[in-house]
Amino acid sequence: MKLHFLTKHKQTILYGISLAVLLLLLKWLEWQLLIFHHALEIYIGAIALIFTCLGIWLALKLARPKVTTVVIEKKVPDSGDPFTINHRELEKLGLSNRELEVLQLMAAGLSNQEIAARLFVSLNTIKTHSSNLFIKMDVKRRTQAVDMARKLRIIP
């Protein structure tokens, strides 16, 4: 039955196959012609695509943090003794009473404006006291000054 179908429609099948081959040949030639006429644009597009992918990869690689921060909290043992000011360290640093007050208020977390209001002085006076504190304690920031003062037992 199949053989009979193939012999009966042999000419139609051959015609269909030849049309399919011709269509494939024309499509292949069209692609070849397209690539030939637009080769420069295709190369530029390929290079742009490669550099775009490389840029994205590099940005993701550089944006990743290299160091992870680990916070370790330790409880400081309480000696049980009431706090007493270490007068020897205080004299060594040469802090005035007003500078000590400013340092204590810094440790309490007050801003320069709040310290000025609390001590009834101008903001510039507080900035001057803070600057003097930083110079005498050889620190650059408020947090360093407070930390050092606590370690030296100048403030509680």
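Me: Which helix holds E99 in this model?
Reply: E99 is found in helix 5. Keep in mind that the model is predicted.

Me: Is E99 buried or exposed?
Reply: Check the relative accessibility against the cut-off. Buried means under 20%. E99 has 4%, so E99 counts as buried.

Me: What does E99 touch, leaving aside its neighbours within four places in sequence?
Reply: E99 is in contact with G94, H129, N132, L133 and K136.

Me: How do I read a pair such as E99 and K136?
Reply: Start with the general idea. Side chains of opposite charge can pair when their charged atoms come close. Here the side chains of E99 and K136 meet in a salt bridge, 2.9 Å from N to O. E99 lies in helix 5 and K136 in helix 7, so the pair ties together parts that are 37 residues apart in sequence. K136 is partly exposed, at 33% relative accessible area.

Me: How many salt bridges are there?
Reply: The count comes to four. Among them is E89 with K92, at 3.6 Å between the closest N and O atoms. These two are three residues apart in helix 4, so about one helical turn separates them. Another is D147 with K151, at 3.4 Å. Both lie in helix 8, four residues apart.

Me: What about the nonpolar residues?
Reply: In soluble globular proteins, nonpolar side chains tend to be buried together. The largest nonpolar core here has 22 residues, and L103, I115, L133 and M137 touch the most other members.

Me: Which helix gives the most to this core?
Reply: Helix 5 does, with five residues.

Note on methods. Residues numbered from 1 in each chain as written. Predicted model: local features only at pLDDT ≥ 70, side-chain atom pairs only at ≥ 80, totals over all residues. Heavy atoms only, no water. Core = buried A, V, L, I, M, F, W, Y, C linked by side-chain atoms within 4.5 Å. Buried < 20%, exposed > 50% of the residue type's maximum accessible area, 1.4 Å probe, protein only. Contact = heavy atoms within 4.5 Å.
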